[in-house]
Amino acid sequence: EIPATLLAGYEVAKDLLRKELKVATLRDHGRLFTGVDWRVDLLASSSRGASIREPVATLTLKYVEGNEEKRLTLQLQPEGVLELKRVCEQLLE
C-alpha cells in the first residue's frame, strides 16, 4: 500500500519541484515578474491646467529581486496602453 500511495503523488510532486527549481533559477539571475495591479483614473486638473479630463491608467508591476518583493508603478496614457497591448500580442504569437 505504501509504494502505491507514494507513486500516486509522484507526478504531482515532480511537477511542483520542477516549477520551484525554475522559479528559483530565474530569481537567481535577475528580477522576476510576479503580478500586476491596475486602475484607471480621470485626470481632471492640476497646477499646470484645468479641465484636462483625460483617462490615465496606473499599472503597478510586482516582482521579486533575490528574496525581496518589490513594486514599480507607472502611469500610462491611452497610447501607452495601446503600445503595451501590441507588445503583449507579439509576445503571445
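Is threonine 58 buried or exposed, and what is its relative accessible area? In this predicted model, threonine 58 has a relative accessible area of 9% and is therefore buried, since that value lies under the cut-off of 20%.

Along the principal axes, the C-alpha atoms fill a box of roughly 75 × 30 × 25 Å. Of the 93 residues, 11% count as buried, and the accessible surface comes to about 8,400 Å², with 57% of this area belonging to carbon and sulfur atoms. When contacts between residues at least 6 apart in sequence are considered, 31% of them join residues that are at least 24 apart.

The three strands form an open sheet in the order E1-E2-E3, with antiparallel pairing. Strand E1, which covers residues 31–43, and strand E3 are the edge strands, each of them pairing on one side only. On average, and with direction ignored, neighbouring strands of this sheet are turned by 20 degrees against each other. Strands of a sheet pair through backbone hydrogen bonds, and such pairing may be either parallel or antiparallel. Between E1 and E2 the antiparallel pairing extends over 12 bridges, and within this pairing phenylalanine 33 has tyrosine 63 of E2 as its bridge partner. Helix H2, formed by residues 78–92, packs on the sheet and touches E2 and E3, while its direction makes about 125 degrees with that of E3.

Strand E2 (residues 54–65) also pairs with strand E3 (residues 68–76), again in the antiparallel sense, over nine bridges. Here leucine 61 has leucine 72 in E3 as its bridge partner. The hairpin formed by E2 and E3 has two residues between the strands, and in this hairpin glycine 66 takes a positive phi near 65 degrees.

Threonine 58, which is placed in strand E2, is in contact with Asp37, Trp38, Arg39, Asp41, Thr73, Leu74 and Gln75, if its neighbours within four places in sequence are left aside. Threonine 60 is likewise found in strand E2, and it counts as buried because its relative accessibility is 9%. With neighbours within four places in sequence again left aside, the contacts of threonine 60 are Gly35, Val36, Asp37, Arg71, Leu72 and Thr73.

Threonine 5 has a relative accessibility of 56% and so counts as exposed, whereas threonine 60 counts as buried. From C-alpha to C-alpha, threonine 5 and valine 87 are 46 Å apart in space, and they are separated by 82 residues in sequence.

Technical notes. Residues numbered from 1 in each chain as written. Predicted model: local features only at pLDDT ≥ 70, side-chain atom pairs only at ≥ 80, totals over all residues. Heavy atoms only, no water. Pairing = 2+ DSSP bridges. Helix = DSSP H or I, 4+ residues; strand = E, 2+ residues; numbered from the N terminus. Buried < 20%, exposed > 50% of the residue type's maximum accessible area, 1.4 Å probe, protein only. Contact = heavy atoms within 4.5 Å. Axes fitted to C-alpha atoms, helices over the stretch in contact; angles between N-to-C directions. Areas by Shrake-Rupley, 256 points an atom, 1.4 Å probe, with all protein chains shown as cover.
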